Amino acid sequence: MFDLTGFQRDLLYVIASLDRPSGQAVKELFEEDVGEVNHGRLYPNLDTLVNRSLVSKGQLDRRTNYYEITDEGLELLRERREWENQKVEFLD
């Protein structure tokens, strides 16, 4: 978990929140919350997540890929959440 960049971790959260989003859908949702993301930053980081088996990549059609979080990616998010909860206690 700690060898991912913050951007890559955030991409995992975005992908996990959507049902097999295209790269463009990931970009649009990310930009709603964070601000502009260019293709030159987005796609290499998506490829890194795919290469690390945290995200799977498939084809919707000949021009469009989709991304889906893997069980390993979900486990990484769970571990991250547990780690965060151990470090910070919020009072309601």
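Good morning. The structure is a predicted model, in which local features need a pLDDT of at least 70 and side-chain atom pairs count only at pLDDT 80 or more, while totals for chains, interfaces and linings use all residues. Residues are numbered from 1 along each chain as its sequence is written, and side-chain values use heavy atoms, with hydrogens and water left out.

I begin with the chain as a whole. It contains four helices and two strands; helices (H or I, at least four residues) and strands (E, at least two) are DSSP runs, numbered from the N terminus. In sequence order the pattern is α-α-α-β-β-α. The C-alpha trace spans about 50 × 25 × 25 Å along its principal axes.

Of the 92 residues in the chain, 34% are buried. Buried here means under 20% relative accessible area, exposed means over 50%, and partly exposed lies in between, with a 1.4 Å probe and protein chains only. The chain exposes about 6200 Å², of which carbon and sulfur atoms supply 44%. These areas come from the Shrake-Rupley method with a 1.4 Å probe; for residues, only the protein chains shown count as cover.

Contact means heavy atoms within 4.5 Å. Among contacts between residues at least 6 apart in sequence, 50% join residues at least 24 apart.

As for charge, the chain carries 12 positive and 19 negative side chains, and the centres of the two sets lie 6 Å apart. Lys and Arg count as positive and Asp and Glu as negative, with His and the chain ends not counted; the place of a charge is taken as NZ of Lys, CZ of Arg, CG of Asp or CD of Glu.

I turn now to helix α1. Which of its residues are buried? They are F7, Q8, R9, L11, L12, V14 and I15. The cover over these buried residues includes α2, α3, β1 (55–59), β2 (65–69) and α4 (71–87). In general, an α-helix has 3.6 residues a turn, so residues three or four places apart point the same way.

Two helix pairs deserve attention. Helix α1 (residues 6–16) packs against helix α3 (residues 39–51) at an angle of about 80 degrees, and their axes are 10 Å apart. Axes are lines fitted to C-alpha atoms, for helices over the stretch in contact, and angles run from 0 to 180 degrees between N-to-C directions. Angles under 35 degrees count as roughly parallel, over 145 as roughly antiparallel, 65 to 115 as roughly perpendicular and the rest as oblique. The pair α1 and α3 is therefore roughly perpendicular. On the α1 side, F7, Q8, L11, L12 and I15 meet R41, L42, N45, L46, T48 and L49 in α3.

The second pair is α1 and α2, which pack at an angle of about 110 degrees with their axes 10 Å apart. These two helices are therefore also roughly perpendicular to each other. Here F7, D10, L11, V14 and I15 of α1 make the contact with V26, L29 and F30 of α2.

Some individual residues follow. R9 lies in helix α1 and is buried, with a relative accessible area of 18%. Leaving aside its neighbours within four places in sequence, R9 is in contact with M1, L4 and R80. The C-alpha atoms of R9 and N45, 36 residues apart along the chain, are separated by 10.0 Å.

G6 is also in helix α1, and is partly exposed at a relative accessible area of 32%. Between G6 and Q86 there are 80 residues in sequence and 19 Å in space, C-alpha to C-alpha.

In helix α2 we find L29, which is partly exposed at 22% relative accessible area. Apart from neighbours within four places in sequence, L29 is in contact with V14, S17 and L18.

Finally, the loops. S22 lies in the loop between α1 and α2 (23–33). Is S22 buried or exposed? It is buried, with a relative accessible area of 15%. Beyond its neighbours within four places in sequence, S22 is in contact with L60, T64, N65, Y66 and Y67.

R20 belongs to the loop between α1 and α2, and its phi is near 50 degrees, a positive value in a residue other than glycine. S53, in the loop between α3 and β1, has a phi near 65 degrees, again positive in a residue other than glycine.
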